[in-house]
Amino acid sequence: MDDLVLTGTLALMGFFAVIIAGILAVLLFLSWVWSAIIGGNYSTVLMSLLAIVMAGSAYTGAGYYVQAKGWI
């Protein structure tokens with residue numbers, strides 16, 4: 001029983017660590033984009049928005065492909 005409690009506790013710690021790291025990554029990205037906007041470096045802002053759109057398109061395309069194959 002003690003191993004189960006230890007494993008669950010470690011899993012929850014890892015889960016929350018990933019959530020906190022994700023939130024910090026988003027905040028760092030937003031501060032980086034905000035600094036680029038203030039500094040007038042709009043190419044950085046446009047490239048980051050383009051990267052987000054491309055990642056979303058790839059994710060959507062992968063979903064359509066997997067659905068068309070009948071894997072989900």
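A crossing of two helices is left-handed if the near helix is turned anticlockwise from the far one by less than a right angle, and right-handed if clockwise. Keep that in mind for the views below, which come from a predicted model where local features need pLDDT of at least 70, side-chain atom pairs count only at pLDDT 80 or more, and totals for chains, interfaces and linings use all residues. Residues are numbered from 1 along each chain as its sequence is written, and side-chain values use heavy atoms, with hydrogens and water left out.

View 1. Helices (H or I, at least four residues) and strands (E, at least two) are DSSP runs, numbered from the N terminus. The C-alpha atoms fill a box of roughly 60 × 40 × 5 Å along the principal axes. The radius of gyration is 19 Å, whereas a compact globule of 72 residues would come in near 11 Å (taken over C-alpha atoms; the globule rule is 2.2 Å times the number of residues to the power 0.38).

View 2. Helix 1 has 38 residues and should span 56 Å at 1.5 Å a residue; its end C-alpha atoms are 55 Å apart, which agrees. The expected span is 1.5 Å times one less than the number of residues. Helix 2, with 28 residues, reaches 40 Å from first C-alpha to last, close to the 40 Å expected. Each helix is followed by a glycine with a positive phi near 80°: Gly40 comes after helix 1, and Gly70 after helix 2.

**View 3. Helix 1 (residues 2-39) and helix 2 have axes that come within 7 Å and cross at roughly 145°.** Axes here are lines fitted to C-alpha atoms, for helices over the stretch in contact, and angles run from 0 to 180 degrees between N-to-C directions. The crossing is left-handed. On the helix 1 side, the contact (heavy atoms within 4.5 Å) is made by Phe29, Trp32, Val33, Ala36 and Ile37, and on the helix 2 side by Tyr42, Thr44, Val45, Ser48 and Ile52. By class, that makes eight nonpolar, two polar and no charged residues. For the classes, Ala, Val, Leu, Ile, Met, Phe, Trp, Tyr, Cys and Pro count as nonpolar, Asp, Glu, Lys and Arg as charged, and the others, Gly among them, as polar.

**View 4. Ser48 sits in helix 2 (residues 42-69).** Ser48 counts as buried because its relative accessible area is 7%. Skipping neighbours within four places in sequence, Ser48 is in contact with Phe29, Trp32 and Val33. Thr44 and Val45 of helix 2 are buried too, and the buried residues of this helix pack against helix 1.

**View 5. Ile37 belongs to helix 1.** At 33% relative accessibility, Ile37 is partly exposed. Not counting residues up to four places away in sequence, Ile37 touches Tyr42 and Val45.

**View 6. Gln67 is found in helix 2.** Its relative accessibility is 52%, so Gln67 counts as exposed. The C-alpha atoms of Gln67 and Ile38 are separated by 43 Å, with the two residues 29 apart along the chain.

Definitions and conventions: Buried means under 20% relative accessible area, exposed over 50%, partly exposed in between (1.4 Å probe, protein chains only).
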